[in-house]
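Biologist: Please show me the model, and let us then go through some of its computed features.

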Amino acid sequence: PDSRLSRLTFLPAGRASTVDMTLPRNPHPARAAALVRASAAAIRNLHSLITNEFLSSGPAYKPLVTQFAYLAPDRLTYTTSGAGQAVVVGARRWDRNRAGRRWLASPQDPLSIPAPDWRRALDASILGSGVRNGRPVWRVSFYDPTVPAWFEVEFDKRTHLPLRLEMTAAAHFMTHTFHGFNAP
């Protein structure tokens, strides 16, 4: 078979917790790392990109839902549901804490966007393949020590662009869905 069942047991604070998971028999680390690099390059070559973000710190807290729109090389807008908005153009930004409020201008370090959500990718593994929005994808996981966080990403097999990303860090659970690739 292509996968194997693994069982991990954790002992946090003296209580046992067991997790069963299916792991790939051969995670093809070199091929997975090449896919992550190809995706980072494909993202950097985009003219525009839209990302929908769902961010949670756990069940006790209401998640933040934000839409980011990126326009190369240095323009960004975002809106967080029930919260703030921002516009960044070069070395300037404008923020407001909710729709209908006054925009406040401030300086901004220029951005270089679009850019991948990760800076480094260690221990990359191909978890399998599937389909996302009618497009064949590779499911790849890796660790970025600069966050630090684990990522699981679905990369379009043809374009290498990410279609869905899950990031898990300490008390930080984030899901991105991507669309609007090179849209006007």
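Modeller: A definition comes before the values: buried means under 20% relative accessible area, exposed over 50%, and partly exposed in between (1.4 Å probe, protein chains only). This is a predicted model, in which local features need pLDDT of at least 70 and side-chain atom pairs count only at pLDDT 80 or more, while totals for chains, interfaces and linings use all residues. Residues are numbered from 1 along each chain as its sequence is written, and side-chain values use heavy atoms, with hydrogens and water left out.

Biologist: Is E166 buried, partly exposed or exposed?

Modeller: The side chain of E166 meets that of R164 in a salt bridge (2.3 Å, N to O), a term for a side-chain nitrogen of Lys or Arg within 4 Å of a carboxyl oxygen of Asp or Glu. R164 has 22% relative accessibility and counts as partly exposed. Because the relative accessible area of E166 is 33%, E166 is likewise classed as partly exposed.

Biologist: How many salt bridges does the rule give?

Modeller: Side chains of opposite charge can pair when their charged atoms come close. Among the pairs are D74 with R75 at 4.0 Å, N to O, and D95 with R93 at 2.7 Å, N to O. By the rule, the count of salt bridges comes to 6.

Biologist: In which strand is D156 found?

Modeller: D156 is buried, because its relative accessible area is 4%. Leaving aside neighbours within four places in sequence, D156 is in contact (heavy atoms within 4.5 Å) with R135, P136, V137, L161 and L163. Strands are DSSP runs (E, at least two residues), numbered from the N terminus. The strand spanning residues 149-156, where D156 is found, is β11.

Biologist: What is the volume of the second largest pocket?

Modeller: On a 1 Å grid over the protein atoms alone, a pocket is an open set of points with protein on both sides within 12 Å along at least five of seven lines, and lining residues have an atom within 4 Å of a point. The second largest pocket is lined by 15 residues, of which Y70, I113, A115, P116 and D117 lie nearest its centre; β3 (48-56), β5 (75-80) and β13 (172-179) each supply at least two lining residues. Grid points are joined across faces, edges and corners, and a volume is the space filled by probe spheres set on the points. For the second largest pocket, the volume is about 220 Å³.

Key. Helices (H or I, at least four residues) and strands (E, at least two) are DSSP runs, numbered from the N terminus. On a 1 Å grid over the protein atoms alone, a cavity is a set of points where a 1.4 Å probe fits but cannot get out, and a pocket is an open set with protein on both sides within 12 Å along at least five of seven lines; lining residues have an atom within 4 Å of a point.
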